[in-house]
Amino acid sequence: MKRFLIAAVIAAATVTTPALAADVGVSVSIGQPGFYGRLDIGGYPQPQVIYRQPIAIQRVPMSRPPIYLRVPPGHAKHWSKHCREYTACGERVYFVQDNWYNREYVPRYQQKHRDRRGDKHGNDNRGNHGNGHGNDRGHGRDH
């Protein structure tokens with residue numbers, strides 16, 4: 001009986017350990033390929049956008065500038081369902097194309113921030129390994 005209990009405990013530990021290890025949060029920050037959220041376009045090349053006109057779900061004062069977002073496929077198409085996730089229902093929104101984000105925005109963002117925090121060779125000697133402030137749903141919005 002004692003051997004049976006020990007075997008059962010070992011088997012239970014073996015089965016539950018992978019399940020616990022799989023529950024890992026992912027953090028993606030702006031300037032990384034998996035980031036979705038608001039982008040600061042100032043100082044970057046003119047973004048390529050999905051739609052020519054900004055999308056607005058609610059009335060927005062025209063004096064307020066539009067915002068630029070990178071969103072997962074389908075979010076732009078069904079924006080009224082997803083705008084709350086980005087705190088952008090009351091904004092005029094341009095959705096940037098993924099290829100522009102990856103080809104233009106990411107390299108310039110990374111270069112700009114590497115130059116600010118690194119040494120003269122662009123190396124970051126503080127041991128920062130890309131720990132961002134995104135959430136685990138893939139919407140890396142920094143607040």
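Predicted model: local features only at pLDDT ≥ 70, side-chain atom pairs only at ≥ 80, totals over all residues.
**Entry 1: Arg70**

I started with the side chain of Arg70, which reaches the backbone oxygen of Phe35 at 2.7 Å. I placed Arg70 in strand S2, residues 67-70. Is Arg70 buried or exposed? I get a relative accessible area of 3%, and since the cut-off for buried is under 20%, Arg70 counts as buried.

Next I listed what Arg70 touches, leaving out residues up to four places away in sequence. One stretch of partners is Pro33, Gly34, Phe35, Tyr36 and Gly37, and the list also includes Leu39, Tyr86, Val96, Asp98, Tyr101 and Asn102. I checked Gly37 separately: 33 residues from Arg70 in sequence, but 5.3 Å from C-alpha to C-alpha.

**Entry 2: the sheet**

I then looked at the sheet that S2 belongs to. It is open, with three strands in the order S1-S2-S3 and mixed pairing. S1 (37-39) and S3 (93-95) are the edge strands; each has a single partner strand, so one side of each lacks a neighbour in the sheet. Neighbouring strands are turned by 45 degrees against each other on average, direction ignored.

How do S2 and S3 pair? I find the parallel sense, over three bridges. For Ile67 I noted Val93 as the bridge partner in S3.

**Entry 3: the disulfide**

I looked for disulfides and the count came to one. It joins Cys83 to Cys89, S to S 1.8 Å. The link of Cys83 and Cys89 is right-handed, with 85 degrees about the S-S bond. I also looked up burial here: both Cys83 and Cys89 are buried.

**Entry 4: aromatic rings**

My count of aromatic pairs came to eight. I took Trp79 and Phe95 to begin with: they are edge-to-face, 4.8 Å centre to centre, with 75 degrees between the planes. This pair links distant parts of the chain, as Trp79 sits in helix H2 (residues 79-82) and Phe95 in strand S3, 16 residues apart. Trp79 counts as buried at 2% relative accessibility, and Phe95 is buried too, with a relative accessible area of 1%.

Then I turned to Tyr101 and Tyr105, which are stacked at 5.6 Å centre to centre, with 15 degrees between the planes.

Terms used
Residues numbered from 1 in each chain as written. Heavy atoms only, no water. Helix = DSSP H or I, 4+ residues; strand = E, 2+ residues; numbered from the N terminus. Buried < 20%, exposed > 50% of the residue type's maximum accessible area, 1.4 Å probe, protein only. Contact = heavy atoms within 4.5 Å. Polar contact = N/O pair within 3.5 Å; in protein donor to acceptor, adjacent residues only side chain to side chain. Pairing = 2+ DSSP bridges. Axes fitted to C-alpha atoms, helices over the stretch in contact; angles between N-to-C directions. Disulfide = S-S within 2.5 Å. Phe/Tyr/Trp six-rings, centres within 6.5 Å; stacked < 30°, edge-to-face > 60°.
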